[in-house]
Amino acid sequence: MSDITKKSLTELVENIKNKKLSSTDVTKAFIDRSEKSEKLNTYITNDFTSALDKAKKFDQKPNFNLKLPGIPMAVKDLFCTKNIKTTAGSKILNNFVPTYESTVTENIWNEGAILLGKLNCDEFAMGSSNETSFFGNVQSPIDKNLVPGGSSGGSASAVAGQLTPVTIGTDTGGSIRQPASFTGIVGLKPTYGSCSRYGIVAFASSLDQAGPMAQNVKDCALLYEVISSYDPKDSTSIDFKRNHYSKELTNNIKGKKIGIPKEYRVDGMPKEIEDLWQKGIQYIKDCGAETIDISLPNTSYALPTYYIVAPAEASSNLARYDGVKYGFRAKGENLIDMYEKTRSEGFGAEVQRRIMIGTYVLSSGYYDAYYLKAQKVRKLIKNDFDEAYKKVDAILTPSTPSSAFKIGEKTNDPVSMYLNDIFTVPVNLAGLPGISIPAGHDSKGYPLGLQIIGKAFDEQNILNIAYAMEEKINFKNKITDWWIK
Amino acid sequence: MSKKDSEYLINRKDNQYEVVIGLEVHAQVLSESKLFSTSATKFGAEPNTQVSLVDAAFPGMLPIINEFCVKQAIKTGIGLNAKINKRSVFDRKNYFYADLPQGYQISQFKDPIVGEGKVILDMPYGQKEVGIERLHLEQDAGKSIHDLDPQNTFVDLNRSGVALMEIVSKPDLRSPDEVNAYIKKLRSIMRYLGTCDGNMQEGSLRADVNVSVRPKGSKEFGTRCEIKNVNSIKFMQMAIEYEANRQVDLIEEGKTIDQETRLFDTKKNETRSMRSKEDAHDYRYFPDPDLLPLEVSEKFIEELKNDIPELPDDKKKRFIEEFKLSPYEANILVSDIDTAKYFEEVVAKMGKNKDIKLAVNWITGELFAFLNSKGLEISQSPVSAKNFAILINLIKNGTISGKIAKTVFELMIDGDKDPQKIVEEKGLKQQSDPKALEALIDKIINDNREKAIEYKQGKEKLFGFFVGQAMKASGGKANPQLTNEILKKKL
């Protein structure tokens with residue numbers, strides 16, 4: 001039975017298509033394992049009963065032309081799912097059941113996949129350790145009391161722990177790539193405008209992007225080609241030519257020029273991260289590609305810029321959670337009192353912190369000094385990448401400045417927590433695609449990831465580079481099943 | 001153009017004060033669907049029946065701009081002789097209120113779709129130009145209903161997300177009368193364009209009124225107060241009058257005016273403070289990241305320009321030139337698009353030998369009087385332009401007299417009857433046969449020999465008596481002109 005959950009998405013699809021496995025077999029296997037995973041706290045809501053029904057129905061009338069035929073899949077609880085509770089990890093949406101489906105999940109079900117349940121995440125995707133969720137922190141399957149990263153921590157743990165073959169997360173400043181790196185899996189943040197934001201609970205609209213998380217690059221490519229689509233329901237969705245990413249995947253990257261940005265060598269970065277990066281450069285060379293030293297001079301401004309832009313947008317995006325229309329409502333003496341109580345009780349500390357930062361930087365008298373300036377710096381950061389891409393095809397960096405840390409280690413130090421995103425945030429600010437692939441382990445045996453950043457809409461290229469490197473790296477995730485019931 | 005301003009001044013002892021007024025008009029875009037969603041916009045629908053997930057701000061819902069509303073705004077901008085901005089930006093105006101589901105209103109702050117323009121007002125003292133500062137698109141909020149339940153407030157989101165054009169004037173208005181003329185002119189232009197129905201009762205047109213006062217002759221502006229959300233011209237005029245006097249009184253008492261937002265209490269006929277400048281909302285405007293900047297091409301604007309009908313100012317000019325109307329008559333006919341349409345149709349149906357002056361008199365006289373008495377719009381007139389034209393022609397060619405025509409008009413009202421038929425059926429045709437009239441008049445003179453002699457002896461007043469007798473004998477149908485001629489000859 002557990003052999004099934006060890007299989008990659010690509011293998012499962014093949015097995016179902018050539019009838020070695022039924023959707024029911026596969027679905028049952030992942031449900032069984034998920035049911036034993038309580039300690040990880042990955043699920044906020046499970047839909048196992050109905051998933052099994054759907055699997056049986058699929059087996060009665062299978063359609064093998066679909067890309068995800070009868071494949072069970074759990075998704076981050078930031079995606080609105082019709083008739084299934086969607087909480088965004090918050091008390092304020094604890095009772096919220098959408099009547100509609102996000103475009104990205106709709107695309108997945110249209111290709112034959114079956115919803116297993118909704119995965120835990122940081123509240124409104126604000127966090128780097130999955131400790132801000134109203135539904136409790138998620139454990140990493142790698143080790144006891146280890147954070148899986150965030151905000152897509154439930155998604156990362158679920159893939160690494162083989163509770164779902166693949167999943168989708170969202171990435172505003174690193175929320176796919178950082179947890180992927182912490183749990184030894186592959187995570188892609190697509191170009192802004194590639195995946196529709198329709199039906200995704202918004203955090204920071206100009207940065208949010210959904211993306212796939214998987215055990216390997218090929219699975220990641222397949223899921224990406226399913227979820228990426230032009231959507232007229234999202235004004236920022238872009239109508240560009242989309243590839244058959246999994247079919248066109250190749251490990252031939254000979255002659256590619258890969259940039260190595262010197263500004264990513266930050267003060268206090270552990271030696272093992274530097275070593276990993278050097279190893280990565282060697283792998284690139286081994287694949288027949290060339291590395292070129294480049295400069296992204298405004299990199300050091302990325303994190304402060306992000307922590308102005310993202311909270312500003314969030315403070316406005318979260319204004320709708322006011323207790324009036326849906327979600328949690330606290331009793332109040334009058335309207336203002338109801339607002340204050342609802343939002344004080346309904347939002348957690350990190351969300352409140354970011355709403356306050358955002359409100360502050362947008363307020364009159366401070367707008368020019370903070371928000372407007374941040375927008376200008378954002379442009380400079382994007383220009384840095386544009387300049388670099390005149391010389392190189394992609395950029396290689398570490399995914400994170402450290403490996404996963406222990407639960408509670410950074411909860412009282414938000415700045416140190418924010419530093420987790422130092423390598424991922426510039427990519428969101430520039431709207432570019434970035435992929436994190438597992439590339440090694442630190443001294444404690446925890447996974448470490450490398451990030452490949454591409455040109456806009458050039459996902460195929462970074463998937464190819466990741467695919468070629470993956471072969472050379474030959475990473476094996478050390479999952480001990482310490483958590484299995 | 002005469003630049004003479006109104007003589008509206010507020011007098012106190014030795015001082016005279018001028019009133020300075022600027023208007024922010026909120027005009028509902030005439031559109032079947034909302035600014036960022038496909039929900040309907042019908043007035044008077046059951047509460048919360050025209051609300052989409054976007055309008056109610058459900059998680060993950062995104063706004064999509066309604067191209068038609070953009071076109072309507074640009075057309076209005078063209079009608080206001082304004083600069084159309086090829087690039088404009090939607091911003092979020094953030095504040096909390098129960099009937100504002102998103103917690104922000106999508107509006108345009110720094111970069112509106114329409115820039116500076118102007119409108120011309122026809123005032124008794126000449127034409128007056130009023131500058132337009134800008135026009136921008138924004139969403140309306142929902143409606144809070146406080147009086148249905150003693151404990152709770154109800155919210156109706158039907159209006160949430162409906163497209164509004166905010167038209168901001170320069171502080172060029174100087175009297176309640178100019179405000180009246182300005183609102184009517186804006187409404188007239190938008191109704192010509194079909195971009196706003198201008199219905200103030202249904203809230204399609206409302207305004208925030210900025211009022212300040214200054215000593216006559218002063219170049220500097222006084223401190224202004226904004227009177228929020230006034231929804232009739234009458235109330236605007238009353239509010240301005242009250243507010244200007246209040247401000248003058250403060251100055252006369254040596255006090256200062258606080259810049260604040262005020263409300264007009266229509267029952268007490270006074271304005272009162274709503275919030276001071278210090279308490280003003282910080283709306284934290286910033287560009288809406290869910291929407292890209294709105295970019296329109298030169299071609300897009302040109303195509304809309306080609307789509308603009310003849311507007312009131314041009315129509316007025318043409319009426320004066322083509323139909324030899326006085327500016328006053330032309331004004332009355334063009335101010336409302338339906339009146340202008342009716343008039344032009346009457347002119348067209350009257351054919352070759354037409355008397356336009358007569359038609360104008362009849363439209364502004366009999367027809368308007370009747371419509372007013374019934375509270376009808378000209379578009380609801382029971383008499384069609386076609387039959388109205390026939391009636392005018394019957395007067396013109398002498399078939400009926402003006403007096404008989406009034407009787408015919410009254411009969412036409414019921415079922416838009418053909419006046420020609422009415423005249424025939426009721427035998428109302430004017431007696432214009434000289435022989436028959438002569439016979440009739442001979443008889444009258446015979447019957448009133450003594451009076452005829454008196455007349456000949458110089459009692460000229462008696463002429464009217466004979467005319468009256470002729471009319472009486474003919475049942476009012478005797479051609480008055482001919483009767484006069486024959487009487488003069490015979491007497």
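**Exercise 1.** Describe the side of chain A that touches chain B.

Solution. In this predicted model, take two residues as in contact if their C-beta atoms, placed from the backbone, lie within 7 Å. Counted this way, 31 residues of chain A meet 24 residues of chain B. Next, list the elements of chain A that give two or more residues to this side: α10 (302-317), α11 (335-346) and α12 (349-362). The largest share, three residues, belongs to α10(A). Finally, sort the side of chain A by class: 14 residues are nonpolar, ten polar and seven charged.

**Exercise 2.** Give the strand order of the open sheet in chain B and explain which strands stand at its edges.

Solution. The sheet has three strands, ordered β5-β4-β15 in chain B, with antiparallel pairing. β5 (104-107) and β15 (286-287) of chain B each have a single partner strand, so one side of each lacks a neighbour in the sheet and both stand at the edges. Now look at one pairing: four bridges join β4 (residues 91-94) of chain B to β5(B). Within it, Arg92(B) has Ile106(B) of β5(B) as its bridge partner.

**Exercise 3.** Locate the two domains of chain A and characterise their contact.

Solution. Domain 1 of chain A covers 2-259 + 391-473, and domain 2 covers 300-375. Taken over C-alpha atoms, the centres of these domains are 27 Å apart. Across the boundary, 28 residues of domain 1 of chain A are in contact with 22 residues of domain 2 of chain A. On the domain 1 side, α14 (414-418) and α15 (425-430) of chain A each supply at least two residues. The largest share of that side, three residues, comes from α15(A). By class, the domain 1 side has 16 nonpolar, nine polar and three charged residues.

Terms used: Residues are numbered from 1 along each chain as its sequence is written. Chains are lettered from A and ligands numbered from 1 in the order in which they are written. This is a predicted model: local features need pLDDT of at least 70, side-chain atom pairs count only at pLDDT 80 or more; totals for chains, interfaces and linings use all residues. Ala, Val, Leu, Ile, Met, Phe, Trp, Tyr, Cys and Pro count as nonpolar, Asp, Glu, Lys and Arg as charged, and the others, Gly among them, as polar. Two strands pair if DSSP finds at least two bridges between them. Domain bounds come from an automatic or database domain assignment.
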